[in-house]
Amino acid sequence: MASLEPSPSTTTNNNQQDLPLKQIPGTYGLPFIGPIFDRHDYFYNQGKDKFFSTRIQKYNSTIFRTNMPPGPFISSNPRVIALLDAASFPILFNNKKVEKYNVLDGTFMPSTNFTGGYRVCAYLDTTEPSHALIKGFYLNTLLSRKDTFVPLFRTILSDAFNVIEDELASKNGKADFNSVVSDASFNFMFRLFCDNKDPSETILGSQGPKMFDTWLLFQLAPLATLGPPKIFNYLEDLLLRTIPFPACLARSSYKKLYETFSSSAVTLLNEAEKAGLKRSEVCHNIVFTAGFNAYGGLKNQFPILFKWVGLSGLSLHKELANEIRTVVKQEGGVTIQSLEKMSLVKSVVYEAMRIEPAVPYQYAKAREDLIVKSHDASFEIKKGEMIFGYQPFATKDPRVFDDAEVFVPNRFIGEGEKLLKYVLWSNGKEIEEPSIDNKQCPGKNLVVLLCRLFLVEFFLHYDTFGFESKNNAFGAAVTITSLTKASTI
């Protein structure tokens, strides 16, 4: 079975030692004009996937040169070397060979005025002293609060399901899943960081998620399209990608968020000071992590997961419900230990993260001259060149995964677990762990846990569901049209 062969990306793979060294194909086009043409193809003329697939065919290579948005005038240098296969992609995680200085959002960086004047941890390279200090603090924070994850999120999900049922009972008979899970994601992260305080009882009221949305929008707008009618494409492009949005547009929202976390996350901030961190700096980092990484990630991840489970139909719903209810009954409740025994639940979560990663891009700059290898050839990348990876092409590589474009719920069960090294959503391989020496998401294991817990709680409450979905600027928009309550528990 091709999908269980050893990774072609490992430096010890003997078959790769003899790959021919080739010049990287592709072109950047004329200055200014080339990046704009590529940007229009990417957003409007072709779309993301076709933009990359047509160039793979044109150059007969999964590694090539191109421009990436936003381009002029926001990005001074939009030139990248694109990696679009499972063999070459992992070089982006090799921090000895690549650096991650200010590359979180790609070829541009939003103003530090969005984060109180600080370069927060996500923009720091692993060689910067403060990276280890701040990321170590994050990892210790999550470790010290691990016993609260399950009971806290179960309580929040119970409230969320009540909201969904109330919306379904209303006149239009539909529930906005994205809105509900956005609120749940925000409430969970706020309570986790802020001694279980209810955010609605702070100056944020019920507006915390909307404030984060506003703050995120003005930072990430140059990387998105709202999909307007064709006649408005150029107008949208002009509005979103001519100059960066100034931080003052989000100042009011961010000020309230910062003040609320500053006054509510007292225990966490005290711990940070004891660890040698400046209180104001770590508070800005906490707001960024809670909003950009955690809230921003989870509010997109849950709809993606729910969409793919929904598309798989009643048969999968029955299998999940049976496994979940059987294990919960045998184990006497929902715990981290019982979640580990649900092999189908685990596989479904990993498969959703494989087929549609919530954050599809990774960037890095070559720290030195290096050789990167695709399945078929070797290429030299010069020091300082920007490397870009489009993750969906790496995690749907047909030379690694059988039926790569198909959602296979049991893909990662049994022998399939060997494929987890190709699940890359966390800015690292799923088989690896976040540390102070890498840029892997510090909340990697928490995100996986919450996705599993979501499925468990849902299928303890319900047998199946009806839904509608469509793509939006940053993922999937899901509307629930029906719920069938659990017939057995």
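A residue is called buried when its relative accessible area is under 20%, exposed when that area is over 50%, and partly exposed in between, using a 1.4 Å probe and protein chains only. Phe306 has a relative accessible area of 1%, so Phe306 is buried.

The model is predicted: local features need pLDDT of at least 70, side-chain atom pairs count only at pLDDT 80 or more, and totals for chains, interfaces and linings use all residues. Residues are numbered from 1 along each chain as its sequence is written, and side-chain values use heavy atoms, with hydrogens and water left out.

A pair of aromatic rings is described by the distance of the centres and the angle of the planes. Rings of Phe, Tyr and Trp (its six-membered ring) pair if their centres lie within 6.5 Å; planes under 30 degrees apart count as stacked, over 60 as edge-to-face, and the rest as tilted. The whole structure holds 48 aromatic pairs.

| Pair | Centres | Planes | Kind |
|---|---|---|---|
| Phe306 and Phe454 | 5.8 Å | 75 degrees | edge-to-face |
| Phe306 and Phe465 | 4.1 Å | 15 degrees | stacked |

Both pairs link distant parts of the chain. Phe306 belongs to helix α10 (residues 279–312), and Phe454, 148 residues away, belongs to helix α15. Phe465 lies in strand β10 (residues 462–472), 159 residues from Phe306. Helices (H or I, at least four residues) and strands (E, at least two) are DSSP runs, numbered from the N terminus.

Phe306 and Phe454 are both buried, and Phe465 also counts as buried, at 8% relative accessibility.

Helix α15 covers residues 444–461, which is 18 residues. From its first C-alpha to its last it reaches 26 Å, close to the 26 Å expected at 1.5 Å a residue; the expected span is 1.5 Å times one less than the number of residues. Of the 18 residues of α15, 16 are buried, so the helix is largely enclosed by the rest of the structure.

## Strands and their pairing

Strands of a sheet pair through backbone hydrogen bonds, either parallel or antiparallel. Here two strands pair if DSSP finds at least two bridges between them.

Strand β10 pairs with β11 in the antiparallel sense over ten bridges, and a hairpin of two residues joins them. Thr464 has Thr484 in β11 as its bridge partner. Strand β11 (residues 475–485) is also joined to strand β5 (residues 175–176) by two bridges, again antiparallel. In that pairing Ala175 stands opposite Ile480.

A separate description covers an open sheet of five strands in the order β2-β3-β9-β6-β4, with mixed pairing. Its edge strands, β2 (63–67) and β4 (98–99), each pair on one side only. Helix α2 (residues 48–59) packs on this sheet and touches β2, β6 and β9. The direction of α2 makes about 130 degrees with that of β2; axes are lines fitted to C-alpha atoms, for helices over the stretch in contact, and angles run from 0 to 180 degrees between N-to-C directions. Contact means heavy atoms within 4.5 Å.

Within the sheet, β6 (residues 361–366) and β9 (residues 386–390) pair in the antiparallel sense over five bridges. Ala364 has Ile387 in β9 as its bridge partner.

Glu128 sits in the loop between β4 and α3 (129–144) and counts as buried, at 16% relative accessibility. Not counting residues up to four places away in sequence, Glu128 touches Tyr101, Arg119 and Tyr123. A polar contact is a pair of N or O atoms within 3.5 Å; within protein, one must be able to donate a hydrogen and the other to accept it, and residues adjacent in sequence count only if both atoms are side-chain atoms. The side chain of Glu128 makes such a contact with the side chain of Arg119, at 2.8 Å. A polar atom of the Glu128 side chain also lies 2.7 Å from the backbone nitrogen of Asp125.

Ser264 is in helix α8 (residues 251–264) and is buried, at 4% relative accessibility. Its side chain reaches the backbone oxygen of Thr260 at 2.8 Å.

## Backbone details

In the loop between β2 and β3 (79–83) lies Pro70, joined to Pro69 by a cis peptide bond with omega about 10 degrees. Phe73 is in the loop between β2 and β3, and a cis peptide bond joins Pro72 to Phe73, with omega about 0 degrees.
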